[in-house]
Amino acid sequence: MTHRRLSRRGAIRLLSYMCALLAVMSGFIVSGYTQARAYRDYIEQDYQHSFFELANKVGMIDAALQKGMYAASPPMITQLAAEISREAASAQASLAKLPFRFEELENTSKFLSQSGDFAGTLAKAAGAGEALSGDNRTQLGELSRSASELARNLGELQTIISEENLKISEIIRAGSSMSDGNTGLYFFVNAFKEMEEEFPETPSLIYDGPFSGHMSRREPVFLTGKAEVTSEEAGKSAHESLGLSDGILSLAREVDGVVPLYCYEGHLDGGEISVSVTKRGGVLYSLLSSRDSGDAVISPEEGVAIAAEFLASRGFGGMKESYWTTSGNYLLVNFAYLQGDTLCYPDLIKVGVALDTGKIVQFDAAGYVMNHPGDRELPEAKISEEEARGSVTGDLSLESVRRCVIPSPGASDVSCYELACSTSDGAHVMIYVNTQTGFEEKILILIEDDTGTLAY
């Protein structure tokens, strides 16, 4: 009897050990599978990022090449050449991370190398004080056409990946055995092959409004000397500025940074609304409403007038609209401060208007708060307007000239002539010539359609 009881205990113990061992082994298997899946997901994310980064960099190369065709001074040529070279190198790095064989992307790789090499040639000539030759401009145009075509093709491939929810790793594994059974993969692979096979012949060697993302100073100039307000005072100011009933907004948090803020949230018109007010001065800093829009009943021109009236009635005087865009029945207008006849682009405010109700649904005064000092001391121009007009080259026709201030990469603003030009095919180009040196500071190409104007 004793022997049988021990055997039963031993069997139970053995069974327990086996169950425990199986549980441990299962844990290792599950853990290994989870880690392998996580690693595959990580690799796929890296592929996706590299592909999207490649498309983005090619678009930036195209923009710089187009601007290069209109550059007249060696400093501007040097600046654009450096930009082309930098973006081409970055695009090559993204291309190298993709798991395609060299022959599958040979033409794309060749184009990026040519662009970088040609940019180096331009930079060397500009360093010697040489202007662009006619042949240089022709080559820039040819490279730009190739870049535009490549950017368009990559954009279409991006759309396929997004809409079909494709994984680049699956595309690679499918390889030459791809059939039209999987429509998304099949379409992508064929589109990819066509992009390379039909790559345009290369020479033998894209805002909102301009300056909208620039913060040229580290301290909010407009708030200098202004006294601090309490959260209650700031909240009352927010309600009054937006015409809201008391109690719509409640304090959500405080932000202490370059611009210390009180941040409020609430519900309005079926959506959420968030508003921030500066701790110094109680200045309306930002507004964003998430309400759904109905059909537009207000024209963009009427929306611009509503936005301008909103600014004037809230103490933001002297603002002039520069560019606007529409999206989903919303209008976004960029305003800059107008000092006399000089437009000060760093002092930027963006205002969004719902075209179904005419209500203000977006507001961003970051540029204005950071950069607006009141009236600036504008330097006397050392370069005449007539001399600035000489910067118009190629097939550009000058349409208008005005004084402006634009931000520089450093902490100071630059006084410029803004030359509004048009090309022979109806496109518009803005050239900014330094009033002190006569050199181009910036070139912008405008994209205009029924939704408004963008500059890049």
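Phe51 is buried, with a relative accessible area of 1%. This value, like the others below, is computed from a predicted model. Phe52 is partly exposed, at 30% relative accessible area.

A pair of aromatic rings is described by the distance of the centres and the angle of the planes. The model holds 6 aromatic pairs. In one of them, Phe51 and Phe52 have ring centres 6.5 Å apart and planes at 65°, so this pair is edge-to-face, since an angle over 60 degrees counts as such. Another pair, Phe316 with Phe363, is tilted, with 5.7 Å from centre to centre and 50° between the planes. Phe316 lies in the loop between helix 8 and strand 5, while Phe363 belongs to strand 8, so their pairing ties together parts that are 47 residues apart in sequence. Phe316 is buried, with a relative accessible area of 6%, and Phe363 is buried too, at 1%. Ring pairs join Phe316 and Phe363 with Phe222, Phe310 and Tyr368 into a cluster. Over the ring of Phe222 sits the charged end of Lys226, 4.2 Å from the ring centre.

Helix 8 has 14 residues, 300-313, and at 1.5 Å a residue it should span 20 Å; its end C-alpha atoms are 20 Å apart, which agrees. After the helix comes Gly315, whose phi is positive, near 90°.

The last stop is strand 9 (residues 397-407), which contains Arg402. Arg402 is partly exposed, with a relative accessible area of 34%. Leaving aside residues up to four places away in sequence, Arg402 touches Leu343, Tyr345, Cys416, Tyr417 and Glu418. With Tyr345 there is a polar contact between the two side chains, at 3.4 Å. Arg402 and Ala420 are 18 residues apart in sequence, and their C-alpha atoms are 8.6 Å apart in space. Tyr417, one of the residues that Arg402 touches, also has the charged end of Arg403 over its ring, 5.7 Å from the ring centre.

Technical notes. Residues are numbered from 1 along each chain as its sequence is written. This is a predicted model: local features need pLDDT of at least 70, side-chain atom pairs count only at pLDDT 80 or more; totals for chains, interfaces and linings use all residues. Side-chain values use heavy atoms; hydrogens and water are left out. Helices (H or I, at least four residues) and strands (E, at least two) are DSSP runs, numbered from the N terminus. The expected span of a helix is 1.5 Å times one less than its number of residues. Buried means under 20% relative accessible area, exposed over 50%, partly exposed in between (1.4 Å probe, protein chains only). Contact means heavy atoms within 4.5 Å. A polar contact is a pair of N or O atoms within 3.5 Å; within protein, one must be able to donate a hydrogen and the other to accept it, and residues adjacent in sequence count only if both atoms are side-chain atoms. Rings of Phe, Tyr and Trp (its six-membered ring) pair if their centres lie within 6.5 Å; planes under 30 degrees apart count as stacked, over 60 as edge-to-face and the rest as tilted. A charge sits over a ring if NZ of Lys or CZ of Arg is within 6 Å of the ring centre and within 35 degrees of the ring normal.
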